[in-house]
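Visitor: I would like to go through the side-chain packing of a model with you. Could we begin with charges over rings?

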Amino acid sequence: QYSPDSVAGADGEIDPTEITFPGCSCRSSSCVAPECPCLRRGDNYSGPCLREAEQGGFARPVFECNALCRCGESCHNRLVQRGLRLRLQVFRTPRKGWGVRTLEAVPRGTFVCEYAGEVLGSAEARRRIRAQSPQDSNYIIAVREHLHDGRVLETFVDPTRVGNVGRFLNHSCEPNLFMVPVRVDSMVPRLALFAATDIPAGEELSYDYSGRSHNSSGSSGEHKPLEEENRLRKPCYCGSPTCASFLPWDSSLFSTP
C-alpha cells in the first residue's frame, strides 16, 4: 500500500500523526529567526536545501513549523512536510533488484524524499526482523540518534507492507543521499533523505544503510561481524571502489534488548 507519510504500525505503540508540539504564533507568511520559537531550535533550510552545519561534533536537530503554527504554507521552515517534489523513477537494476533514479538534476542539499512506512516499537521491530529468512528482503530501518547527554533515541520504520518510493532506494558504500531525522508535529521524526552531492539526471539514488557516510565512526550501531554471522549477510553490489562487500549488519536487532 502506497503512503507518502509514515503511519502507526500494527503494534499501535507509536502514532507518527499525533500532534504534541505547540505551534508558533508568527503572523507573517514565512517565519524569521530569532522571533519564531520553531526557528530558535535551528534555522536549517536555505530555500529547498538543508544548510550544512555542525556544533561541537553534533548535528543540529531539525524542527519544522507544524500543523498548529500560524504561519502560512509558504513558510520556508516547511520543507519535508510538503513531500516529494522531484521527478523520480523506479527501475529494474541489473543485480540489485528495484532501484530509484532521478529524472532531473538535483543540487547538493536538496530534499529528495522521505523513507516512510509503519513506525514500530522496538519489540515489534525485532520480532519482525527475527521472523525473516535469509532470502527475505529487509526494509526495516533502525535510526539511532545520539544525544549530547549520552541518551539514544531509536526510531524503527518498516515499509514492507505500507510505504513510499523510499523503500526502493538501494544501499551504496559511496552514496549520493544522506538521511536526517526531521521533526514536524512531534518527537517522532520523519526520515528525510537529502542530496549529498550534485546529482545529474538519470543517476541512481542511494544512501548508506548504516549511516556511516554522514556520522561519526561507531555511531551507527554496526560492528564487524563474526565469521559465522557472514552467512546471514547479503552481498553488496554497489560497485564503489570502497565497497565493503556486504550490506551493513547490526546484530543488536537479532537479540533481545
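Guide: Arg167 lies over the face of Phe168, 5.0 Å from the ring centre; a charge sits over a ring if NZ of Lys or CZ of Arg is within 6 Å of the ring centre and within 35 degrees of the ring normal. This is a predicted model, in which local features need pLDDT of at least 70 and side-chain atom pairs count only at pLDDT 80 or more, while totals for chains, interfaces and linings use all residues. Residues are numbered from 1 along each chain as its sequence is written, and side-chain values use heavy atoms, with hydrogens and water left out.

Visitor: Which residue lies over the face of Phe21?

Guide: Arg41 does, at 5.3 Å from the ring centre.

Visitor: How many aromatic pairs are there?

Guide: The structure holds 5; rings of Phe, Tyr and Trp (its six-membered ring) pair if their centres lie within 6.5 Å, and planes under 30 degrees apart count as stacked, over 60 as edge-to-face and the rest as tilted. The rings of Phe21 and Phe63 have centres 5.7 Å apart and planes at 50°, so this pair is tilted.

Visitor: And is Phe21 buried or exposed?

Guide: Phe21 is buried, with a relative accessible area of 11%; buried means under 20% relative accessible area, exposed over 50%, partly exposed in between (1.4 Å probe, protein chains only). Phe63 is also buried, at 12%.

Visitor: Turning to Thr155, what is it in contact with?

Guide: Leaving aside neighbours within four places in sequence, Thr155 is in contact (heavy atoms within 4.5 Å) with Ile141, Ala142, Val143, Glu145 and Pro189. Thr155 counts as buried, at 8% relative accessibility.
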